[in-house]
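Work through the exercises below with the structure in view. Try each task before you read its solution.

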Amino acid sequence: MKKIGIADTTFARVNMYKSVVDELASIGTGYTTERYTVPGIKDLAIASQRLIKNGCDIVIALGMPGPEPIDKQCADQASRSLLDVEIKHDIHILEVFVHEDEADNETELAELAHNRAREHAINAYDLLFRPDRLQRAAGTGQREGHPDAGPIRR
Amino acid sequence: MKKIGIADTTFARVNMYKSVVDELASIGTGYTTERYTVPGIKDLAIASQRLIKNGCDIVIALGMPGPEPIDKQCADQASRSLLDVEIKHDIHILEVFVHEDEADNETELAELAHNRAREHAINAYDLLFRPDRLQRAAGTGQREGHPDAGPIRR
Amino acid sequence: MKKIGIADTTFARVNMYKSVVDELASIGTGYTTERYTVPGIKDLAIASQRLIKNGCDIVIALGMPGPEPIDKQCADQASRSLLDVEIKHDIHILEVFVHEDEADNETELAELAHNRAREHAINAYDLLFRPDRLQRAAGTGQREGHPDAGPIRR
Amino acid sequence: MKKIGIADTTFARVNMYKSVVDELASIGTGYTTERYTVPGIKDLAIASQRLIKNGCDIVIALGMPGPEPIDKQCADQASRSLLDVEIKHDIHILEVFVHEDEADNETELAELAHNRAREHAINAYDLLFRPDRLQRAAGTGQREGHPDAGPIRR
Amino acid sequence: MKKIGIADTTFARVNMYKSVVDELASIGTGYTTERYTVPGIKDLAIASQRLIKNGCDIVIALGMPGPEPIDKQCADQASRSLLDVEIKHDIHILEVFVHEDEADNETELAELAHNRAREHAINAYDLLFRPDRLQRAAGTGQREGHPDAGPIRR
């Protein structure tokens, strides 16, 4: 039995947690989940660390940075700390950030957040249970939330 | 009994410390506070570390970066060190930075600083005593100091 | 017998893994390879760390960052974590990133990715087995994927 | 008896070391000083670490970054390493950087460097001997080298 | 007897290694040298670490970043890792980077690289054997490769 940690924020405008657990339930079994909610993306690193210390085998970190330059700076700080925690504990943390300026309107933004969360839930499941599936998709231009870019050839 | 650390600076132009302790007092009990004042935002990381070493269960780091590009760079450095300390000790540090260019005039800036400090005081209290309250607010577009953005739907 | 780790992504649009193993096979023997595929470039650092923990003597990390400013930011984060892992374990990690805006069209991009992967496979082999070959090429303007710049003189 | 470390560079164009020791002498007693001179600002982190390893209770790191974008990048690197050393050893390092483009001419630049060094000497003394003095000045808009910004109110 | 490590790259277009060893030979004795050549500037951090682990008392890291924005980003990553290694081992690493856009043509670039390498060789020697020489030059506007800026006064 594996444990999947899910860290999310009150700052985000979409309940990506629900997208993740729904998708995971549709894929398969063999895991439990634990959730840790924090105010903002900068708090996701310690949330992830605490989930790891509680025995999670992988963590999905959900966040929605704002559209301003200062928001990009905050997202950068948050990402680096997530990477630091990941390397320190040698546990995968899948960063699922949806930037507010990635979509043209709120409906599209919510859809993008939902889809990206779902597709990273699949990535988490694959990393834990089906690494061969990732290997077969290597170099094929997979995208999470947006349409796949696809492979290119010489 | 929990201990809440509060780090602040002589560089800041608003007494956010007072906003924090007043708000905390209005929320509830079960905690003591300890304060550590430093010259500027870059000194907040070591201040937070020392508060943690003195037994604080959470730290609120209060700062007001200036409006110039070099100030953004300093704020970025300060934020990263706060994150490093947070991960090193596995203790939440709530960064409460108010950038001088976030408001149109000094009165609004002071008001913003006051409100952001207050709302993060609530976050600190929730992280310590009421994590379920944060979980219920996940994905609902909460903002500290500014009006909440609110949730969006597909 | 040495072990060469190869980390790659499903995000990349070119199978650079194949370019690396083909080139290595054409150079010589004395090594085995191990592969670890992850979703994106930010996951390459933990992939490399796990390859190192599995006994790899060197790692080649293959990625294709997108063309947008946020992609550059992600590539920067990924690079720094690769460096952190490299220094932590004192094992060379050759970062082989091909940015989508480095070529004018998809065919050229695929060719560039192929060539860069091949040339870094040679670098990996040299670092393991032929360090004198690198020393003789010091200061001669070698480039991976693009034509060599060549040496310049006073 | 406390020990105050002072790190400075041959790159700087002003003898800020002299400003610091003169100011410290005018404030009070109870300390000795140790100096470590390095070529440039990137060397200040190891200089500070060595001063700390030699028993310094606080370090003042003096530097004058150039005016070009690459100089800002170097200053950023230097600042982060100073922060890393500070957190690693839990010893305050006061970064006293004067950027060449902060003043309109060389005379003003020298004056600014002198004043900033002096005011941070006072900060160092306060952190060691008079922390209450800092606490009373919290949130009052203190500036080092430039006129104080002063407090603002709602 | 001290050991001076010299790390260089095949990417660089000038044999700065030769400039360093020639200059060192002209200054004095009391040291041996060890060389480690890597493909690019991002590999200099691990090269420096390995030189340090082999007993070097100081390291000179020679690199020539390209002129594009992505090259500046790579140089930034490389610099930060060099600083990390320096602080981790408490051994000076003198970063000697020559950016391709620092000179107007190839001849000037080669001359600049040669001169900067030579002047940092002197810095390395001074840090090891003549620290008083650096202290006397503190605050005097020394530059490596370019003409000295000189001291300024109030």
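**Exercise 1. Burial and fold of chain A**

Task: Find what share of the 154 residues of chain A count as buried. Then describe the fold and the size of the chain.

Solution: 
- Step 1. Start with burial. This is a predicted model. A residue is buried if 20 or more other C-beta atoms lie within 10 Å of its own. In chain A, 53% of the 154 residues count as buried.
- Step 2. List the elements. Chain A has 5 helices and 4 strands. Along the sequence they follow the pattern β-α-β-α-β-α-β-α-α.
- Step 3. Chain A has a radius of gyration of 15 Å. The globule rule gives 15 Å for 154 residues, so chain A is as compact as a globular protein of that length.
- Step 4. Along the principal axes, the C-alpha atoms of chain A fill a box of roughly 45 × 40 × 30 Å.
- Step 5. Look at the contacts in chain A with a separation of 6 or more. Of these, 72% join residues 24 or more positions apart.

**Exercise 2. Confidence**

Task: State how confident the predictor is in chain A and in the complex.

Solution: 
- Step 1. Take the chain. The average pLDDT of chain A is 97. A score of at least 70 is reached by 100% of its residues.
- Step 2. Take the complex. Its ipTM is 0.97 and its pTM is 0.97.

**Exercise 3. Chain C against chain A**

Task: Describe the contact between chain C and chain A.

Solution: 
- Step 1. Count the residues. Chain C brings 33 residues and chain A brings 26 residues.
- Step 2. Name the elements on the side of chain C. Strands S1 (2–9) and S2 (31–38) each give two or more residues, as do helices H1 (16–27), H2 (44–53), H3 (69–89) and H4 (106–129) of chain C.
- Step 3. Pick the top contributor. H3(C) gives the most, with 7 residues.
- Step 4. Sort by class. The side of chain C that touches chain A has 13 nonpolar, 10 polar and 10 charged residues.
- Step 5. Superpose the copies. A rotation of 72 degrees, with 0.0 Å of shift along its axis, places chain C on chain A at an RMSD of 0.0 Å.
- Step 6. Compare the surfaces. The copies use different ones: 3% of the contact residues of chain C recur in chain A.

**Exercise 4. Chain B, chain C and chain D**

Task: Which elements of chain B give two or more residues to the side that touches chain D? Check also the pairs B with C and C with D.

Solution: 
- Step 1. Count first. The contact takes 33 residues from chain B and 26 residues from chain D.
- Step 2. Name the elements of chain B. They are strands S1 (2–9) and S2 (31–38), together with helices H1 (16–27), H2 (44–53), H3 (69–89) and H4 (106–129). The largest share, 7 residues, comes from H3(B).
- Step 3. Check the other pairs. Chain B and chain C do not touch, and their nearest C-alpha atoms are 13 Å apart. Chain C and chain D do not touch either, with nearest C-alpha atoms 13 Å apart.

**Exercise 5. One loop residue**

Task: Locate D:Gly28. Is D:Gly28 buried or exposed?

Solution: 
- Step 1. D:Gly28 lies in the loop between helix H1 (16–27) and strand S2 (31–38) of chain D.
- Step 2. Count neighbours. D:Gly28 counts as exposed because it has 11 C-beta neighbours inside 10 Å.
- Step 3. Compare sequence and space. D:Gly28 and D:Tyr125 are 97 residues apart in sequence. Their C-alpha atoms are 8.5 Å apart in space.

Note on methods:
Residues numbered from 1 in each chain as written. Chains lettered and ligands numbered in written order. Predicted model: local features only at pLDDT ≥ 70, side-chain atom pairs only at ≥ 80, totals over all residues. Contact = placed C-beta atoms within 7 Å. Buried ≥ 20, exposed ≤ 12 C-beta atoms within 10 Å, placed from the backbone. Nonpolar A, V, L, I, M, F, W, Y, C, P; charged D, E, K, R; others polar. Least-squares fit on C-alpha atoms with pLDDT ≥ 70 in both. pLDDT = per-residue confidence, 0-100. Rg over C-alpha atoms; globule rule 2.2 N^0.38 Å.
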